[in-house]
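Here are a few exercises to work through with the structure open beside you. Try each task yourself before you read its solution.

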Amino acid sequence: MSSVGSTTASTLAKEAAREKKAHGQPLWLLAELTYKCPLQCPYCSNPLDFAQTGEELSTDQWIDVFRQARKMGAAQLGFSGGEPLVRRDLEQLIAEARNLGYYTNLITSGIGLNAQRIAAFREAGLDHIQVSFQAADEEVNNMLAGSKKAFAQKLAMAREVKAQGYPMVLNFVTHKHNIDRIDRIIELCVELEADYVELATCQYYGWAYENREQLLPTQAQLERAERITNEYRAKLAEQGNPIKLIFVTPDYYEERPKKCMNGWGEIFLTVTPDGTALPCHSARMLPIEFPNVKEQTLEQIWNESNGFNHFRGDEWMKEPCRSCDEKENDHGGCRCQAYLMTGDMNAADPVCAKSPDHQKILDARASSELDHNEEQILFRNERNSRLNTRFNTREHDDERVFARSS
Amino acid sequence: MNAATNQPDILKAVPALERMFRFQWEEAQHAYVLLYPEGMVKLNDSAGEILALVDGTRSVAEICAALEQKFPNAGDLSRDILEFMEVAHEQRWIHYG
């Protein structure tokens, strides 16, 4: 076989690379339907200033986006947010997407879900549900989610998703507070009969960057978690359990950066609640003007816009990337990480040991060994979003204190 | 599992696509693909032709016969088809009913 199943990104990247075009086609459409969310996870990938963004796209505008992207080749559609269940038109959006031929994925916290709605989604043609957990024990989960009832609801919904015959992915964002219980996390996933488990170590952009000291695990924690995951993989395979455990290592413990989004504007297209189109769901933080689906067609956005062309090719690279013999492997790493840590979005990703700013990563690793006060966690909610915007966080460390919830 | 390892049995076995996967033609890629949660496998021409006949009612022998009829100049296809069935089973794209 020319291609055998593997994780999304690598399979799709190879396909994109095989295309002779200057850049690939958008195979993956992430529809962030809303920034509204009942939870307050302190590592949320939504922008810090989400409370300031414009009006949400209407049902018809979303359907038009789905049609255009499908015509351009998109095959996977993720309904995300915020919490996509907040949208009352979700059933209709799923039905339209399924009719267009998408494989439809609902990426949810499970809060706001019930058996009737799961059945209605099934009828509309939903292919798969991903439920995110914050931890495998109730107390830590609810502390991180900022909700007392979250854990019990998630468990009930994960069981219902399987009972109704969906493939199910469980997603655990791992960090300092839950990574030592990775055995319990895996056992919970086995018990819930997940098909795939994403043990996704937190990546530090947006809210997670603000909370990095409270979240970044130590190297020892990480190595232990990976070893235990491997032991479970072997044990589960031996038992004939088809569950797949996907372990995502955080950049901060690598010596080379990852190839951001498998190439900027190569595979992924994110459309945010107000219609802003992005090559990656974090990219909104960059000082680039990104196009909006209300003003341009997806063809124009994908092929012609400055936002999507910005980091295609390697013209933009600086040293040490420009002359680096590994630049094809990682394309200079993550642009958001470079911008967040160096203030220059064209710089090498500091994760790279060749970056002049790599010391910042080493400092963060060293800091992870220290005790940090849990009460300093900045929760992701509207109030903190507004305060964060007002106080322009990174420039004014003293003022940021006001934005902290305890 | 036994069906996949024992050749006479496998010809009689009836493969079906695993529930996790959806098989469809993708015009933009000019290829058949298998879609699954947040992922996709692009199939080459022969894999696509074989999976297009996997419907939970045809046996492997019937699939071989149908393809040999469709491609009369291709000769004996059963070896390639059995080889593919083994890969598809290993990958858990299909199961035997």
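**Exercise 1.** Find the handedness of the crossing of α3(A) and α4(A), and then describe the contact behind it.

*Solution.* Keep in mind that this is a predicted model.
Step 1: the crossing of α3(A) and α4(A) is right-handed.
Step 2: on the α3(A) side, the contact is made by A:Glu91, A:Ile94, A:Ala95 and A:Arg98, and on the α4(A) side by A:Ala120, A:Phe121 and A:Ala124.
Step 3: sorted by type, the residues of this contact are five nonpolar, no polar and two charged.
Step 4: the axes of helix α3 (residues 90–99) and helix α4 (residues 115–124) of chain A come within 8 Å and cross at roughly 25 degrees.
Step 5: angles under 35 degrees count as roughly parallel, so α3(A) is roughly parallel to α4(A).

**Exercise 2.** Describe the make-up of chain B, and decide whether its radius of gyration agrees or disagrees with that of a compact globule.

*Solution.* Step 1: chain B has five helices and five strands.
Step 1: read from the N terminus, the order of its elements is α-α-β-β-β-β-α-α-α-β.
Step 2: the C-alpha trace of chain B spans about 35 × 35 × 20 Å along its principal axes.
Step 3: a compact globule of 97 residues would have a radius of gyration near 13 Å, and chain B has 13 Å, so the two agree.
Step 4: of the 97 residues in chain B, 31% are buried.
Step 5: take the contacts in chain B between residues at least 6 apart in sequence; 51% of them join residues at least 24 apart.

**Exercise 3.** Locate two cis peptide bonds in chain A.

Step 1: the bond from A:Gly81 to A:Gly82 is cis, with omega near 15 degrees. A:Gly82 lies in the loop between β2 (76–80) and α3 of chain A.
Step 2: A:Glu319 and A:Pro320 are also joined by a cis peptide bond, with omega about 10 degrees. Look for A:Pro320 in the loop between α12 (306–309) and α13 (327–330) of chain A.

Key: Residues numbered from 1 in each chain as written. Chains lettered and ligands numbered in written order. Predicted model: local features only at pLDDT ≥ 70, side-chain atom pairs only at ≥ 80, totals over all residues. Axes fitted to C-alpha atoms, helices over the stretch in contact; angles between N-to-C directions. Helix = DSSP H or I, 4+ residues; strand = E, 2+ residues; numbered from the N terminus. Parallel < 35°, antiparallel > 145°, perpendicular 65-115°, else oblique. Left-handed = near helix turned anticlockwise from the far one by under 90°. Contact = placed C-beta atoms within 7 Å. Nonpolar A, V, L, I, M, F, W, Y, C, P; charged D, E, K, R; others polar. Rg over C-alpha atoms; globule rule 2.2 N^0.38 Å. Buried ≥ 20, exposed ≤ 12 C-beta atoms within 10 Å, placed from the backbone.
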